[in-house]
Amino acid sequence: MFHILVTDDDTNTRRYLQAVLEDAGYTVSLARNGIDALNIMKQRHIDLIVLDVMMPEMDGYELTRELREAADTVPILMISAKQLPADKKKGFLVGTDDYMTKPVDEEEMLLRIRALLRRAKIVSEKKIVIGEVTLDYDAMTVTGHGQMLELPQKEFLLLYKLLSYPGQIFTRIQLMDEIWGVDSDTGWETVTVHVGRLRKRFEGWPEFEIQSVRGLGYRAVKK
């Protein structure tokens, strides 16, 4: 069972979030500020933090920054009344994984939490499983339908990135920067070439496909 740490200085908000999360099947711990949260994390394993921004002693930005500087990759969902783009930008810059504004829609929050936990599992295990197909990051192999395919590095990283975020659209520039590096002299057209190769390799595999989104880029769709 996943253990979620709710960190908020408002007692009613903490109790409300605790009730929603426990009703969804999560174990919940409560903290009043960032210092409390750090103390709790020293005592027990936490799978995800739901975090308010404005708190006394240590606010959400400070807590997130401290965790990331310590190389702690626990998923963080910031929830704040601060709605300006600059506030959200600051949250992502210090290392939050997602950001929601109050008042919070319960169903949306739970969906975001599930997505964050799923991605964290992919990162920790370095494997993606879709039906009969398994992508193994360490071996850079794709196994399925009685085959084990060892892909060239760039092809594997491209497929792994897209399938880590099914349904999310990535531009060619985004994919180039992440997989080939921002200093690469290779043009973005190489992304198109690699997508073509992946489509040919996995043609007829029913578990997923890579779709082109006209004028935007690419996305992977799990079936």
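This is a predicted model: local features need pLDDT of at least 70, side-chain atom pairs count only at pLDDT 80 or more; totals for chains, interfaces and linings use all residues.

Start with the parallel sheet. Five strands make up an open sheet in the order β2-β1-β3-β4-β5, and the pairing is parallel. At the edges sit β2 (27-31) and β5, each of which pairs on one side only. Going from one strand to the next, the twist averages 20°.

Now bring in the helices. Helix α1 lies across β1, β2 and β3, and runs at about 170° to β2. Helix α1 (residues 11-23) also meets helix α5 (residues 106-125): their axes come within 11 Å and cross at roughly 65°. The crossing of α1 past α5 is right-handed. On the α1 side the contact is made by Y16, L17, V20 and L21, and on the α5 side by E106, M109, L110 and I113. Sorted by class, that contact of α1 with α5 has seven nonpolar residues, one charged residue and no polar ones.

Which residues of helix α3 (residues 60-69) are buried? They are G60, Y61, L63, T64 and L67. As for what lies over the buried residues of α3, the cover includes α2 (34-43), β3 (48-52), β4 (76-80), α4 (85-94) and β5 (98-101).

Pick out T64, which lies in helix α3. T64 counts as buried because its relative accessibility is 0%, and the cut-off for buried is under 20%. So what is T64 in contact with, leaving aside its neighbours within four places in sequence? The partners are L51, I76, M78, V94, G95 and T96.

Strand β7 (residues 133-136) and strand β8 (residues 141-144) pair in the antiparallel sense over three bridges, with T134 standing opposite T143 in β8. Four residues lie between the strands of this β7 and β8 hairpin, where M140 takes a positive phi near 55°. Next, β8 and strand β9 (residues 147-150) pair in the antiparallel sense over four bridges. T143 turns up again here, opposite M148 in β9. The hairpin of β8 and β9 has two residues between the strands, and H145 in the turn has a positive phi of about 55°.

Last stop: the antiparallel sheet. Three strands form this open sheet, in the order β10-β12-β11. β10 (170-171) and β11 (208-213) are at the edges with a single partner strand each, so one side of each has no neighbour in the sheet. β11 and strand β12 (residues 217-222) pair in the antiparallel sense over six bridges, and F208 stands opposite K222 in β12. Helix α6 (residues 153-164) lies across β10, β11 and β12, running at about 65° to β12. Helix α8 (residues 189-201) packs on the sheet too, touching β11 and β12, and its direction makes about 150° with that of β11.

Technical notes: Residues are numbered from 1 along each chain as its sequence is written. Side-chain values use heavy atoms; hydrogens and water are left out. Axes are lines fitted to C-alpha atoms, for helices over the stretch in contact, and angles run from 0 to 180 degrees between N-to-C directions. A crossing is left-handed if the near helix is turned anticlockwise from the far one by less than a right angle, and right-handed if clockwise. Contact means heavy atoms within 4.5 Å. Ala, Val, Leu, Ile, Met, Phe, Trp, Tyr, Cys and Pro count as nonpolar, Asp, Glu, Lys and Arg as charged, and the others, Gly among them, as polar. Two strands pair if DSSP finds at least two bridges between them. Buried means under 20% relative accessible area, exposed over 50%, partly exposed in between (1.4 Å probe, protein chains only).
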